[in-house]
Amino acid sequence: MSGTYLGMPAFPEAAAVSTRNAQLRANLTHATRTIRDKRAKAVTELADWAQLRQAGKEIKDRTLRRLDHYLLQAEAAVTAAGGTVHWAADAAEANRIVAALVKAKGEREVVKVKSMATQEIGLNEALAAEGITAYETDLAELIVQLGDDLPSHILVPAIHRNRSEIRDIFRTAMGSWGRPAPEGLTDSPAELAEAARLHLREKFLRAKVAVSGANFLVAETGSLVVVESEGNGRMCLTLPETLVSVVGIEKVIPSWQDLEVFLQLLPRSSTAERMNPYTSIWTGTTEGDGPSDFHLVLLDNGRTATLADEVGRQALRCIRCSACLNVCPVYERAGGHAYGSPYPGPIGAILTPQLRGLQSEVDASLPYASTLCGACYEVCPVAIDIPEVLVHLREQVAEHGPGHRAEHAAIKAATWLLDHPAAYRAALRTAARTRRLHPRRLPLPGPAKAWSDTRDLPQLPGQTFRDWWQSNRGEGNTTR
């Protein structure tokens with residue numbers, strides 16, 4: 001694999017490498033600008049977009065406040081409809097559940113619908129360790145898998161690849177995963193799509209087990225919803241005998257009436273379409289129609305801890321539209337791999353550190369992967385105030401992060417000084433009298449040097465304000 005989320009360097013180091021990749025930047029610039037321009041036009045078609053956005057926000061907030069109630073309601077509805085519900089506290093438990101379900105069917109391969117949750121838990125790798133091969137069926141995910149690569153975008157995982165690179169990947173790798181690419185394959189989009197269709201068709205027809213995520217889980221009926229543009233999801237959700245859906249607990253919504261709001265918000269924000277070409281909805285099992293065995297794995301994996309944070313919990317509103325990535329100047333230049341997570345861009349910068357914690361260097365760096373320009377908040381269809389959460393997480397990093405010892409010491413020293421007026425006055429006088437000896441820039445070591453080298457220290461006046469006041473406005477002075 002060309003990269004790995006585990007052990008990746010902090011964002012500044014990874015971004016320093018990716019921003020020097022001219023081809024990557026060209027690919028990202030073309031793709032993100034095209035998507036965001038189309039989205040802007042699609043949104044202006046709705047006169048009530050602002051009201052829809054507010055409704056989406058309020059539905060999500062109301063659901064999160066009573067998440068326990070709606071999850072239990074969903075569990076009861078799924079069970080009543082013939083499905084089986086499993087609860088997974090973390091990634092390891094979710095992976096064990098899915099692997100056990102596949103093995104119980106005596107199978108050694110599964111077909112997959114594009115799923116951020118399964119990327120988050122590393123399901124493909126966990127299944128491979130158990131001798132089970134997972135075949136990605138989304139075109140972009142297929143490109144990533146065949147290229148031994150990692151996704152770099154929520155909606156378009158292979159956004160960092162251009163057509164020529166995709167053609168080369170298909171020519172080189174398709175044969176080792178199944179049906180090889182046709183002879184003389186060019187980089188024509190139609191030919192690339194046809195090569196993928198022929199390669200995947202044999203997998204759809206023989207697969208006995210499929211794995212999916214879900215965009216939404218409707219609590220009142222236990223129905224799950226997947227929206228997509230290619231039809232591969234529909235194939236995975238209907239042809240296999242067994243379907244296993246791994247769904248984050250935040251994906252639940254109370255009712256079908258609520259779903260109406262999101263089916264207007266999501267397509268326009270993600271693919272700039274009025275509606276997705278394929279909207280698949282399934283409820284438990286039905287004899288003679290679709291899979292005869294359905295399992296729902298409800299995934300926590302840090303979501304409950306995120307829910308406990310009154311500021312940070314708004315990240316759980318996310319409907320994975322990726323609109324924030326397409327307007328972010330940082331993402332456009334650095335690319336998705338620099339974030340060290342399946343969730344790149346602005347939403348990844350606030351969601352990943354909360355799901356995984358701020359202990360690692362890469363997670364502690366993500367809240368700083370932003371200019372705080374606010375463009376992400378403006379386009380978010382559920383009004384997640386990403387800049388607010390970024391600043392909130394930066395406060396936590398500064399308070400508890402291992403890389404801020406010098407800052408903590410400086411703040412403690414300043415606090416003591418401000419609590420002792422006589423010492424404060426003496427320090428100011430000393431600083432004023434020795435100002436000619438002060439360096440032009442702070443001689444900071446290590447990574448902080450890059451910051452200090454571009455910032456001059458302000459020049460101190462020759463007299464403190466207190467001394468000036470005493471001389472010019474003090475008692476007994478007639479100068480007015």
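How many salt bridges does the structure hold? The structure holds 23, a salt bridge being a side-chain nitrogen of Lys or Arg within 4 Å of a carboxyl oxygen of Asp or Glu. The model is predicted: local features need pLDDT of at least 70, side-chain atom pairs count only at pLDDT 80 or more, and totals for chains, interfaces and linings use all residues. Residues are numbered from 1 along each chain as its sequence is written, and side-chain values use heavy atoms, with hydrogens and water left out.

Start at aspartate 61. It forms a salt bridge with lysine 57, with 3.4 Å between the closest N and O atoms. Both residues sit in helix α3 (residues 49-65), four residues apart, about one turn of the helix. Helices (H or I, at least four residues) and strands (E, at least two) are DSSP runs, numbered from the N terminus. Aspartate 61 is buried at 18% relative accessible area, while lysine 57 is partly exposed at 22%. Buried means under 20%, exposed over 50%, and partly exposed in between (1.4 Å probe, protein chains only).

Arginine 317 also forms a salt bridge with aspartate 61, its closest N and O atoms being 2.9 Å apart. This pair links distant parts of the chain, 256 residues apart: arginine 317 lies in the loop between α13 (303-307) and α14 (323-327), aspartate 61 in helix α3. Arginine 317 is buried, with a relative accessible area of 5%. Elsewhere, salt bridges that share partners join Glu120, Glu250, Arg303 and Arg320 into one network.

Next comes glutamate 332. It forms a salt bridge with arginine 36, at 3.2 Å between the closest N and O atoms. Here too the pair links distant parts of the chain: helix α15 (residues 329-334) holds glutamate 332, helix α2 (residues 22-44) holds arginine 36, and 296 residues separate them. Glutamate 332 counts as buried because its relative accessibility is 6%. Arginine 36, at 24%, counts as partly exposed.

Now the cysteines. A disulfide is a pair of cysteine sulfur atoms within 2.5 Å. By this rule the count is zero. Cysteine 328 is in no disulfide, as the nearest cysteine sulfur, that of cysteine 373, is 6.5 Å away. Cysteine 328 is buried at 9% relative accessible area.

Turn to threonine 279, in strand β9 (residues 278-282). Threonine 279 is partly exposed, at 27%. Glycine 231 is 48 residues from threonine 279 in sequence, yet 9.2 Å away in space, C-alpha to C-alpha.

Finish with leucine 457, in the loop between α22 (448-452) and α23 (465-472). Its relative accessible area is 34%, so leucine 457 is partly exposed.
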